[in-house]
Amino acid sequence: MLKISGLTTHYGSSQALFGVDLEFGSGEVATLLGRNGMGKTTTINSILGIVRPTSGSIVFDGTELAGRPSFRNANLGIGLVPEGRQVFPNLSLWENLVATASNHLEQADPWTVEKVFALFPELADRRGSMANLLSGGEQQMLAIGRALMTNPKLLILDEATEGLAPLIRQKIWTALEEIKRSGLSILVVDKNLKDLLRIADRHFIIERGVVVWQGNSAELREDREALHRYLGL
Ligand code: ATP
């Protein structure tokens with residue numbers, strides 16, 4: 001589904017990624033872990049073409065993305081739930097969902113507003129509310145719903161549970177498990193490793209712009225040294 005090889009990215013003269021390698025398959029959930037400032041968001045922004053990689057390769061579903069402008073990548077089927085939610089504040093919840101609705105890839109059984117409401121029933125009751133009046137948890141669920149409405153093959157979540165109460169976080173992880181069952185591939189950047197160990201198939205730890213550890217949940221759970229050294233756990 002996604003294969004990144006030797007990815008380097010700069011911000012001006014300052015290098016942020018030093019050769020990131022990462023690969024996971026269709027229908028899998030992968031995590032990108034690491035302390036603050038290690039290059040997680042830069043990796044995601046490089047995949048999406050928001051920042052232009054200096055060198056290396058990013059192959060998504062058979063297409064080379066490195067060097068393509070972001071608007072061309074969007075139609076390939078990558079849905080982003082960005083850091084900080086970013087819903088349209090002055091549109092209603094329902095309008096936010098409809099605004100992103102598309103099915104460029106003509107997927108069978110596409111996501112609809114009703115399916116998003118079935119995934120997050122609390123959103124159904126607030127469908128007429130302006131997005132800026134929703135709680136942080138509701139806004140995050142809406143941000144995930146908006147990404148699903150683009151009917152992606154790969155869903156990327158950047159710090160999706162940041163600052164949310166534990167109960168809301170659980171709802172989001174439960175929804176993610178349901179999304180996974182529907183066959184979507186998912187890449188998650190998050191700090192809540194405990195839940196991700198249950199949900200994810202594969203983990204990648206990034207340290208100063210390089211992937212320094214990769215493995216499955218059982219291997220990560222057992223590797224106390226890596227947990228301590230790279231994640232401070
Ligand atoms: P966080 O968890 O804090 O978001 P991160 O792992 O996502 O961290 P990045 O945001 O990718 O890390 O940052 C990687 C490096 O690139 C850091 O050294 C950061 O200071 C630098 N960086 C990020 N964005 C920019 C930018 N727009 N201009 C210059 N340098 C940047």
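At 18% relative accessibility, E28 counts as buried, where buried means under 20% relative accessible area, exposed over 50% and partly exposed in between, with a 1.4 Å probe and protein chains only. This is a predicted model, in which local features need pLDDT of at least 70 and side-chain atom pairs count only at pLDDT 80 or more, while totals for chains, interfaces and linings use all residues. Residues are numbered from 1 along each chain as its sequence is written, and side-chain values use heavy atoms, with hydrogens and water left out.

E28 forms a salt bridge with R202, and the closest N and O atoms of the two are 3.1 Å apart; a salt bridge here is a side-chain nitrogen of Lys or Arg within 4 Å of a carboxyl oxygen of Asp or Glu. Because E28 lies in the loop between β2 (14-24) and β3 (29-33) and R202 in strand β9 (residues 202-207), the pair ties together parts that are 174 residues apart in sequence. R202, at 30% relative accessibility, counts as partly exposed. Helices (H or I, at least four residues) and strands (E, at least two) are DSSP runs, numbered from the N terminus.

## Other salt bridges

By this rule the count comes to 13 salt bridges. One of them joins the side chains of K171 and E122, at 2.8 Å from N to O, and this pair links distant parts of the chain, with K171 in helix α7 and E122 in helix α5, 49 residues apart. Both partners are partly exposed, K171 with a relative accessible area of 37% and E122 with one of 22%.

D201 is partly exposed at 30%, and K180 is partly exposed at 23%. Salt bridges that share partners also join R35, E207 and R208 into one network.

Helix α6 (residues 136-148) has 13 residues and reaches 18 Å from its first C-alpha to its last, close to the 18 Å expected at 1.5 Å a residue, the expected span being 1.5 Å times one less than the number of residues. Twelve of the 13 residues of α6 are buried, so the helix is largely enclosed by the rest of the structure.

Among the buried residues of α6 are G137, E138, M141 and R146. What covers the buried residues of α6 includes the strands β6 (78-81) and β7 (154-158), together with the helices α3 (93-99), α4 (113-119), α5 (121-125) and α7 (166-181), where contact means heavy atoms within 4.5 Å.
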